[in-house]
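Keep the structure open beside the text as you read.

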Amino acid sequence: MSAELSPIDKAKFAAAKRAVQYVEDGMRVGLGTGSTAAWMVRCLGEMVREEGLQIKGVPTSTRTADLARQMGIEVVTLDEAKWLDVTIDGADEFDGQLNLIKGGGGALLQEKIVATASDMMVVIADAAKEVAQLGAFPLPVEVVPFGWQTTRALIEETLVGMDVLGRTTTLRLNGQKPFLTDENNYIVDLHLNRIGDPRQLALVLNQIPGVVENGLFIDICDVVVIGQGDGRVEVR
Ligand code: 5RP
């Protein structure tokens with residue numbers, strides 16, 4: 001399948017193919033969102049259809065739910081599954097402590113809920129996602145639409161006291177309109193360039209009224225499977 005792929009897709013596919021080895025018959029599996037996670041859903045679908053693997057999948061977005069159903073994976077809600085054996089998801093950045101920035105695809109809230117309700121979180125990523133320090137990728141923060149400009153101003157005020165390099169924020173758009181998450185919230189992207197203390201920032205952001213969740217995943221990821229453009233894979 002990987003012969004005609006671009007190097008980046010080859011890397012994503014290789015990571016996904018390796019990561020599905022964590023999935024065993026009968027497991028309840030969190031299904032991440034994004035282009036890398038989509039490869040994982042396709043790989044799992046192949047195992048379901050061709051090897052008779054029986055799993056229950058809990059998707060982290062409507063996009064992933066649609067793809068999982070198309071692939072023949074049984075989809076259940078998190079409340080039906082109650083707890084998950086493993087979640088496999090992509091990331092926008094990961095550092096040496098396996099802390100992450102997620103939410104580039106706008107699904108950070110469901111992704112964090114699902115990953116936290118799992119015995120194990122496996123992240124799949126191409127090598128370009130590895131960073132010495134988080135923050136080059138804009139940090140997504142999900143906010144409720146009510147009073148979002150006030151919430152954004154409070155976020156900017158809060159950033160003044162934080163160990164970050166940039167402090168501009170932008171409302172994520174879908175065309176001319178605000179991008180809407182699956183929960184009908186907005187996303188404010190924080191352009192920080194470097195986050196000195198991700199743990200502190202994650203805690204402080206979530207204390208601001210109107211903030212629903214932020215895209216920093218601290219101490220949630222257990223393993224990162226890194227794919228290379230030539231199809232090689234490294235597990236950390
Ligand atoms: C979606 C996410 C994705 O996992 C993240 O954006 C990585 O996506 P991709 O695999 O397409 O690079 O957090 O909310």
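Which strands does helix H6 lie across, and at about what angle does the helix run to S12? This is a predicted model, and in it helix H6, made of residues 148-160, lies across S8, S9, S12 and S13. Its direction is at about 25 degrees to S12.

Those strands deserve a look of their own. Four strands make up an open sheet, and their order is S9-S12-S8-S13. The pairing is antiparallel. At the edges you will find strand S9 (168-171) and strand S13 (211-214), each of which pairs on one side only. From one strand to the next, the twist averages 25 degrees.

If you zoom in on S9, you can follow its pairing with strand S12, which covers residues 186-191. The two run in the antiparallel sense and are joined over four bridges.

Helix H5 (residues 108-116) lies across strand S8 (139-143) and S13, and it runs at about 65 degrees to S13.

H5 also leads us to the ligand. Helix H2 (35-51) and H5 are the elements that give two or more residues to the shell around the ligand. The largest share, three residues, comes from H2. There are 18 residues around the ligand, and those that come nearest are Gly34, Thr36, Gly90, Gly104 and Gly105.

Note on methods:
Residues numbered from 1 in each chain as written. Predicted model: local features only at pLDDT ≥ 70, side-chain atom pairs only at ≥ 80, totals over all residues. Pairing = 2+ DSSP bridges. Axes fitted to C-alpha atoms, helices over the stretch in contact; angles between N-to-C directions. Contact = placed C-beta atoms within 7 Å. Near = placed C-beta within 6 Å.
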